[in-house]
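Notebook open, model loaded. I'm jotting down what I look up as I go.

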Amino acid sequence: MEISDFVFSDPSYNQPKFCSNATWNPNATTLANPSIIGSGPLAIYIDKNNTIYAASRETGQILIWSNDRINPTTVLHANLYSPLSIFVTMNGDIYVGDDSSIRQVLYSNSSKLIMPMTSRCIGLFVDITNSIYCSSDPQHQVFKKWLGDNVSVMTTVAGTGSNGSAPNQLNGPNGIFVDTNFDLYVADWKNNRIQLFRLRQSNGITVVGNTSPNSTITLYRPSNVILDENKYLFITDSYNNRIIGSDEKGFRCIVGCTGSSGSNFDQLSIPRSIAFDTSGNLYVVDRDNNRIQKFSLSTNPCYGKFVITKNFPHQSTIYL
């Protein structure tokens, strides 16, 4: 099928607009501690209603926070085995990748098999045509399947199946992001870079990190990449224990910038997934600290001063 044959939907994820030198409070608050999220969490998703979804690898549960609640408002027991990645569509369908499959989690505390996999699905994304993407780090590839058909085979959209650093290769790909132009961004974990694959192009372009033709920033095991409204990149630089952001001036550290791992409120330890809410606050899955941290947006210069107001049930930002 051609792109023109699909019905397009709006993205379900948040892409706030940040201007140059936007800043976040370096001290986070904790959304989920080990007693809530368990050990070694990897996955988080925030929709446009600011509903937060997180996967507990320890219990196999999907935890849901809504209406700015401190504790999860819903816990789904879907008999998942070590969920690794999560994506929620505009109509509320919850998809999870694990060690051997992609599943849809149902509110009846069950799950439906979408696609069996020969290896784990550590990165998951659904684009505006309702096509689902899975990155498999053991297979060094990214796969794709349209959710509207019953075909049990996924097509390869990036990677050759052999690890390497050539433009058409990946080495342990992790988090992925597909924008509305169908550009695929891949956190190329062991190659310490972010790769961009244009639609139907097998050769990637290194936009950040090793082998990039431009001066960017050094990455060490990047695990996730997301884009804001201006298509600036935000990257989980896992083994440097920090989150990187970009703007028209280039790349910089935005949180976790102490230079070392730790469990203080200004530190991270092997962070994994990241997501924004509608107000631009940044949520980080802090894997080795077994927690989810919230870094509040402090300044966004192009809008001038702003204040946060509580307009139950959602938090809003008013720019002055």
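**Entry 1: disulfides**

Which cysteine forms a disulfide with Cys253, and how far apart are their sulfur atoms? I found Cys257 as the partner, with the sulfurs 2.0 Å apart. Keep in mind that this is a predicted model, so I'm reading computed geometry throughout.

I checked the torsion next: about the S-S bond it comes to -100°, and the link of Cys253 and Cys257 is left-handed. Then I looked at accessibility for both ends. Cys253 has 23% relative accessibility and so counts as partly exposed. Cys257 is partly exposed too, because its relative accessible area is 44%.

How many disulfides does the structure hold? I get two. The other one joins Cys121 to Cys134, with an S to S distance of 2.4 Å. Cys121 sits in the loop between strand 10 (110–116) and strand 11 (123–126), while Cys134 belongs to strand 12 (residues 131–136), so this pair ties together parts 13 residues apart in sequence. Buried or exposed, I asked of Cys121? Cys121 is buried, because its relative accessibility is 0%. Cys134 also comes out at 0% and therefore counts as buried.

**Entry 2: confidence**

The protein chain has an average pLDDT of 91, and 92% of its residues score at least 70. Where does pLDDT stay under 50? That happens over residues 305–320. For that stretch the model has 39 contacts beyond four places in sequence.

**Entry 3: the chain as a whole**

I counted secondary structure: one helix and 28 strands in the protein chain. The radius of gyration is 18 Å, close to the 20 Å that the globule rule gives for 320 residues, so the chain is as compact as a globular protein of that length. Along its principal axes, the C-alpha trace spans about 50 × 50 × 40 Å.

I also looked up burial, and 55% of the 320 residues are buried. For contacts between residues at least 6 apart in sequence, 48% join residues at least 24 apart.

**Entry 4: two asparagines with positive phi**

Asn79 has a phi near 55°, which is positive in a residue other than glycine. I placed Asn79 in the loop between strand 6 (74–77) and strand 7 (85–88). Asn79 is at 74% relative accessibility, so it counts as exposed.

Asn192 is not a glycine either, and its phi is positive at about 55°. I found Asn192 in the loop between strand 16 (184–188) and strand 17 (193–197). Is Asn192 buried or exposed? It is buried, because its relative accessibility is 12% and the cut-off for buried is under 20%.

**Entry 5: around Ala187**

Staying with strand 16, I picked Ala187, which is found in that strand. Ala187 has 0% relative accessibility and therefore counts as buried. I listed what Ala187 touches, leaving out residues up to four places away in sequence; among them are Gly172, Pro173, Arg193, Ile194, Pro222 and Val225. Asn224 is on that list as well. From C-alpha to C-alpha, Ala187 and Asn224 are 5.5 Å apart in space, though 37 residues apart in sequence.

**Entry 6**

Next I took strand 19 (residues 222–227). Six of its six residues are buried, so strand 19 is largely enclosed by the rest of the structure. How does strand 19 pair with strand 20 (residues 233–237), and over how many bridges? The pairing is antiparallel, over five bridges. I traced one of the bridges: Leu227 has Leu233 in strand 20 as its partner. The hairpin has five residues between the strands, and Lys231 in it takes a positive phi near 65°.

I followed an open sheet of four strands, order 2-25-24-23, with antiparallel pairing. Strand 2 (29–32) and strand 23 (271–276) are at the edges with a single partner strand each, so one side of each has no neighbour in the sheet. The twist averages 30° from one strand to the next.

Strand 2 runs antiparallel to strand 25 (residues 291–295), and three bridges join them. Which residue of strand 25 stands opposite Thr30? I read off Gln293.

How values were computed: Residues numbered from 1 in each chain as written. Predicted model: local features only at pLDDT ≥ 70, side-chain atom pairs only at ≥ 80, totals over all residues. Heavy atoms only, no water. pLDDT = per-residue confidence, 0-100. Contact = heavy atoms within 4.5 Å. Buried < 20%, exposed > 50% of the residue type's maximum accessible area, 1.4 Å probe, protein only. Disulfide = S-S within 2.5 Å. Pairing = 2+ DSSP bridges. Axes fitted to C-alpha atoms, helices over the stretch in contact; angles between N-to-C directions. Rg over C-alpha atoms; globule rule 2.2 N^0.38 Å.
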